[in-house]
Amino acid sequence: MTTESFRILLADDDATVRLLMQAALEKAGFDVTVACDGVEAVRLFDSRPADMVMLDVEMPGMDGYAVCSYLRERVGDELPIMMVTGMDDMQSINRSFEAGATDFIAKPINWNLIAYRILYLRRGYLNMLALKVANARSTAIFSAIPDTMFILNDKGKIIDICSHPDNTPWLTAGAESTLSQSLPEQIVSLYLGAADRARSHGTVELFEYPLKLADGKTKYYENRIVVIDPKETLCLVRDITERKDSENKIFHLAYFDNLTGLPNRQSFMERLESEIKRAQFTGNKLAVLFLDLDGFKSINDTMGHNTGDTILQWAAERLQSSTRPSDFVSRNNTEQPEVKLARLGGDEFTVVIPNLPRTEDALILAHRIREAMRRPFQLESRDVVLTASIGIALYPDDGADAETLLKHADTAMYHAKNEGRDNCQFYNVDLTFQAEKRMHLENDLRNALQQNEFYLVYQPQLDVAEENFQSVEALIRWQHPKQGLISPLDFIPLAEENGLIIPIGDWVLRTACTEAAQWHQRGRPLQVAVNLSPLQIKNPDFVKNVLDILAETGFPPGKLVLEITEGALMEHSENILATLLALREHHIQIALDDFGTGYSSMNYLKRLPINNIKVDQSFVRGLLDKKENLAIVRAIISLSKNLGFSITAEGIESLNQAQVLKYFGCETLQGYYFSKPITMQEMLALTDKQWRIEPLRPNGVNHESS
Ligand SMILES: Nc1nc2c(ncn2[C@@H]2O[C@@H]3COP(=O)(O)O[C@H]4[C@@H](O)[C@H](n5cnc6c(=O)[nH]c(N)nc65)O[C@@H]4COP(=O)(O)O[C@H]3[C@H]2O)c(=O)[nH]1
């Protein structure tokens with residue numbers, strides 16, 4: 001606004017003052033209108049409002065205060081009103097202020113300066129107008145933006161809420177509040193961290209967070225923080241729930257199958273790639289199962305697509321329920337692999353088993369799925385029976401990348417179809433045979449205890465000094481109804497993998513103690529040795545189980561020997577030590593089986609509560625042919641004796657081996673030369689037999705000094 005277009009209304013009853021004032025102001029370029037009293041001033045203003053009013057306080061009729069009050073009432077507090085008062089007239093200055101005057105000039109007036117006073121006043125007025133416009137603009141902007149805006153100070157206090165739409169109901173408007181009163185702690189730290197960064201770097205800090213509201217719904221917010229000054233930041237909070245929902249929808253559409261809700265091909269391939277990377281890193285195996293419903297096409301053709309879709313949905317549900325980790329493969333390993341399912345399209349589904357513990361686990365799961373699919377699908381009109389053909393490819397054996405693995409699982413699926421459908425096949429055909437064999441064996445093993453298919457045989461152990469059998473080793477046998485006798489070497493490792501060794505081991509201990517107690521009753525107080533698996537000893541109830549069995553069977557603890565392998569001892573030494581000590585406290589003897597195959601030092605063994613060391617049969621076998629074996633056996637015997645352990649040699653197949661071992665000072669001998677493992681009755685017949693073994697010094701060995 002130029003000075004010329006700035007209109008001043010001047011009211012004074014003193015004509016001289018009026019004239020002088022008008023002249024001074026017009027000289028400065030203002031557009032001046034004059035009134036000779038208050039009433040005229042009001043009339044002139046009403047007919048044409050001015051940009052500024054100058055009022056003499058003393059005027060006849062309506063004085064300056066009354067005019068000032070009137071104008072304030074009429075146009076508000078923006079209009080600059082200048083009162084002309086008498087010098088030092090404090091009363092009129094006060095009254096002017098109360099009437100709403102903007103400023104005052106005291107008489108006598110300095111005519112040279114008066115225009116400058118008005119120019120200053122005008123500038124203040126124009127600034128105020130500009131501020132008002134800026135404020136109005138800001139208010140308009142705030143009301144147009146759907147964001148909540150508030151000012152946060154460096155202490156985490158909300159000191160002003162500039163705009164507050166409905167979508168941030170958690171923000172308490174009104175008196176100063178802290179962020180912590182409105183938001184959970186972790187979100188408050190997000191704010192404070194971002195505000196710190198905005199202050200120190202002058203950047204606009206952006207972050208997002210989900211927030212659960214009082215009504216239980218979760219909203220997503222995007223927050224921007226901008227620095228205002230070193231103490232204050234402006235926070236703009238936007239509700240992005242709708243955007244998030246649509247992003248999720250888009251993600252779901254891109255990665256999930258609409259019909260079944262399962263991940264789709266794209267998602268499957270990405271997951272498989274990442275699982276392969278993980279397997280590369282961990283060195284684990286993984287399996288890809290490719291499932292195709294047999295005869296689905298004809299269902300679609302004859303019963304229509306709607307029925308087809310319903311069946312696919314049910315098939316997906318069955319796939320999900322038959323692959324739940326808790327149902328999947330019972331193993332002693334508590335780490336269950338989490339399988340991943342997908343629908344590739346049509347009636348093709350896939351399953352990935354990451355971290356596959358054993359090859360046959362993939363086959364077990366495939367058969368479980370196959371069984372689940374075979375149950376009739378109950379449609380309104382009739383029941384439909386569908387079968388599934390499943391192909392399995394393994395990483396790394398059948399392919400190193402997702403494409404190859406899927407292709408090979410698909411090939412295996414066709415192979416399963418060719419084998420007559422309702423079938424599961426590995427890509428590697430030989431594997432199907434082996435894994436099936438193990439799978440069936442495992443199934444049969446689960447039933448073997450209930451079906452009484454186990455029995456014990458006993459291998460006698462010769463006491464060299466007494467020259468007869470004082471002890472036996474109990475060895476388990478499995479009489480399989482179809483496959484005949486199965487060696488423990490074939491089923492004990494399997495039982496250890498799936499945890500069945502615990503009930504089987506209990507059975508062995510109970511049976512051995514029961515049968516040996518019967519010998520005792522018949523006057524043959526043989527000592528009995530029972531093999532333990534590491535898993536049994538790790539079981540926290542083990543000592544109690546053993547004591548319960550001894551109490552139940554009445555077998556004397558001092559006649560029971562528990563054999564543990566050197567490997568087991570080294571693997572779990574800390575836990576096992578406590579168990580062994582507890583057993584020894586109850587006079588149960590401990591023998592270290594297969595000694596020489598591990599790496600335990602004699603120094604370490606000396607601290608263990610062991611009674612007996614069994615020299616592994618591999619050393620005995622080559623005793624007379626290999627010089628090293630001779631030296632090793634001799635050293636083991638002499639060291640063990642020095643440490644106070646008794647010594648048993650196993651695997652003796654010839655008289656010469658027995659003689660040499662006697663020469664070295666071995667106290668107990670066991671092997672086919674004396675007897676193969678035999679039944680309880682056969683054993684009784686052997687107990688009276690006497691064995692005289694003459695010591696034999698092997699060639700090249702100096703005379704035994706001890
Ligand atoms: N070639 C040859 N072999 C001989 C001779 N003397 C004994 N043997 C065989 O050597 C094995 C000795 O048992 P082990 O070292 O404890 O080795 C056992 C043991 O580790 C395990 N085992 C057997 N029964 C049980 C059991 O009840 N529980 C557990 N946990 N493991 C068992 O199975 C392994 C094999 O048992 P078996 O087949 O009964 O085989 C027995 C026995 O028949 C011989 O002169 N020559």
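**Reading a predicted model, with helix α14 as the way in**

Author: In helix α14, the buried residues are L431, T432, A435, M439, E442, L445 and A448. This is a predicted model, in which local features need pLDDT of at least 70, side-chain atom pairs count only at pLDDT 80 or more, and totals for chains, interfaces and linings use all residues. Residues are numbered from 1 along each chain as its sequence is written.

Reader: What makes a residue "buried"?

Author: A count of neighbours: 20 or more other C-beta atoms within 10 Å of its own means buried, 12 or fewer means exposed, and anything in between is partly exposed, with C-beta atoms placed from the backbone. In the protein chain, 33% of the 706 residues are buried.

Reader: Why is D56 called buried?

Author: D56 has 25 other C-beta atoms within 10 Å, and the cut-off is 20 or more, so D56 is buried. D56 lies in strand β3 (residues 52-56). An unreviewed UniProt entry places "modified residue: 4-aspartylphosphate" at D56; such positions use the numbering given here, feature names are shortened, and annotations may be inferred rather than shown by experiment.

Reader: Which residues is D56 in contact with, beyond its sequence neighbours within four places?

Author: A11, D12, D13, D14, G64 and V84. Contact means that two C-beta atoms, placed from the backbone, lie within 7 Å.

Reader: Why is strand β12 described as largely enclosed?

Author: Because eight of the 10 residues of β12 (residues 285-294) are buried.

Reader: How do you know that β12 pairs with β14?

Author: Pairing needs at least two DSSP bridges between two strands. β12 and β14 (residues 348-356) have seven, in the antiparallel sense, so they meet that cut-off. One of the partners in β14 is V351, bridged to L289. β12 also runs antiparallel to β17 (residues 387-395), joined by nine bridges; in β17, A393 is the bridge partner of V288.

Note on methods
Helices (H or I, at least four residues) and strands (E, at least two) are DSSP runs, numbered from the N terminus.
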